[in-house]
Amino acid sequence: MSNKRIKIVLIDEQQLFREGIRQIMQTERDFHILTSNDDFLSMVHLLEPQSVDLLLVDVDMFVKYKQDIHKIIKQHSPGLKVVILATLSDDNIVKTALKMGVRGYLLKEMDISSFIQAIRMINEGVVYIHPIVNEVIVTHYLKQSIKERPKNHRPIEPPLHLLTKRESEVIQLLAKGKSNMEIAEALKISEKTVKNHISSIFKKTNVNDRTKAVILAIRNRWVSI
């Protein structure tokens, strides 16, 4: 992990939530909350990739200022990464956000350690979608896939021509919506090793996030759901 502090702007209408996030992040030496506010427009001038790493924005704010946020992403990505904070998973919002280049979709009820881990992963360049939200996207894809699938489809077959046996096990667990910690526990390996396997999977399959990797695996019948 870099010694550089992650500079964060938080925009959310709920003061209690903002203060909770601020207090959590102040306990982490690598996080620095530059400001937190409920007024998106007053914060826009601060959003420069040299001075801000992450913009955490409430999902209602995202919907309200979608065009402004899209413009910010086009101007400042990848230096500045946008992360949506939500209470519910909305399939349409998630798909729109991903198309726009949003780098994370997190649920506010996440436990603290998972939230902190997700923020660090996003800062390092990973597109992180909460497992529950990821499951919604994958389920939607599965419904479409089943409709389009020919009757005589081939059986599930791990991609041992492309991935190692361990990487095949990891992508199977990703398809089940497991977090890095849960994968580590299931395979009895460290979370760091899980991250290394996932990075290798991304490189070998030419994708840049977990959702795309899982959808590719489902499409090619590498995993069972």
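Student: Which helix gives the largest share of the lining of the second largest pocket?

Tutor: This is a predicted model, in which local features need pLDDT of at least 70, side-chain atom pairs count only at pLDDT 80 or more, and totals for chains, interfaces and linings use all residues. Residues are numbered from 1 along each chain as its sequence is written, and side-chain values use heavy atoms, with hydrogens and water left out. On a 1 Å grid over the protein atoms alone, a pocket is an open set of points with protein on both sides within 12 Å along at least five of seven lines, and lining residues have an atom within 4 Å of a point. The largest share of this lining, 6 residues, comes from residues 191-205, which form helix H10.

Student: Which residues lie nearest the centre of the second largest pocket?

Tutor: The pocket holds about 310 Å³ of space, where a volume is the space filled by probe spheres set on grid points that are joined across faces, edges and corners. Its lining has 14 residues, divided into 5 nonpolar, 5 polar and 4 charged. Ala, Val, Leu, Ile, Met, Phe, Trp, Tyr, Cys and Pro count as nonpolar, Asp, Glu, Lys and Arg as charged, and the others, Gly among them, as polar. Those nearest the centre are Met-121, Glu-124, Val-126, Lys-195 and Ser-199.

Student: Phe-202 also lies in helix H10. Is Phe-202 buried or exposed?

Tutor: Buried means under 20% relative accessible area, exposed over 50%, and partly exposed in between, with a 1.4 Å probe and protein chains only. The relative accessible area of Phe-202 is 11%, so this residue is buried.

Student: Beyond its neighbours within four places in sequence, which residues is Phe-202 in contact with?

Tutor: Contact means heavy atoms within 4.5 Å. Phe-202 and Ala-213 are 11 residues apart in sequence, with their C-alpha atoms 6.9 Å apart in space. Outside the sequence neighbours, the contacts of Phe-202 are Val-207, Asn-208, Asp-209, Arg-210 and Ala-213.

Student: How many helices and strands does the protein chain have?

Tutor: Both are DSSP runs numbered from the N terminus: helices are H or I with at least four residues, and strands are E with at least two. By that rule the protein chain has 11 helices and 6 strands.

Student: Which strands are the edge strands of the sheet?

Tutor: Two strands pair if DSSP finds at least two bridges between them. The sheet is open, with parallel pairing and the order E2-E1-E3-E4-E5-E6. Each edge strand pairs on one side only, and these are strand E2 (31-37) and strand E6 (128-129).

Student: Which residue in E4 is the bridge partner of Leu-54?

Tutor: Leu-54 is in strand E3 (residues 54-58), where 5 of the 5 residues are buried. E3 runs parallel to strand E1 (residues 6-11), joined by 4 bridges, and Val-9 stands opposite Leu-55 in E3. With strand E4 (residues 81-86), E3 pairs in the parallel sense over 5 bridges. In E4, the partner of Leu-54 is Lys-81.

Student: Why is E4 described as largely enclosed by the rest of the structure?

Tutor: Side chains in a regular strand alternate between the two faces of the sheet. In E4, Lys-81, Val-83 and Leu-85 on one side are buried, as are Val-82, Ile-84 and Ala-86 on the other. E4 is largely enclosed because the buried residues number 6 of 6.

Student: In E5, what is the bridge partner of Ala-86?

Tutor: E4 and strand E5 (residues 104-107) pair in the parallel sense over 4 bridges. The partner of Ala-86 in E5 is Leu-107.

Student: Which elements give two or more residues to the lining of the largest cavity?

Tutor: A cavity is a set of grid points where a 1.4 Å probe fits but cannot get out; the count comes to 1 cavity of 30 Å³ or more. The largest cavity has a volume of about 50 Å³, and its lining is Tyr-128, Ile-129, Pro-131, Asn-134, Leu-174, Gly-177, Lys-178 and Arg-210. The elements that give two or more residues to this lining are E6 and helix H7 (131-148).
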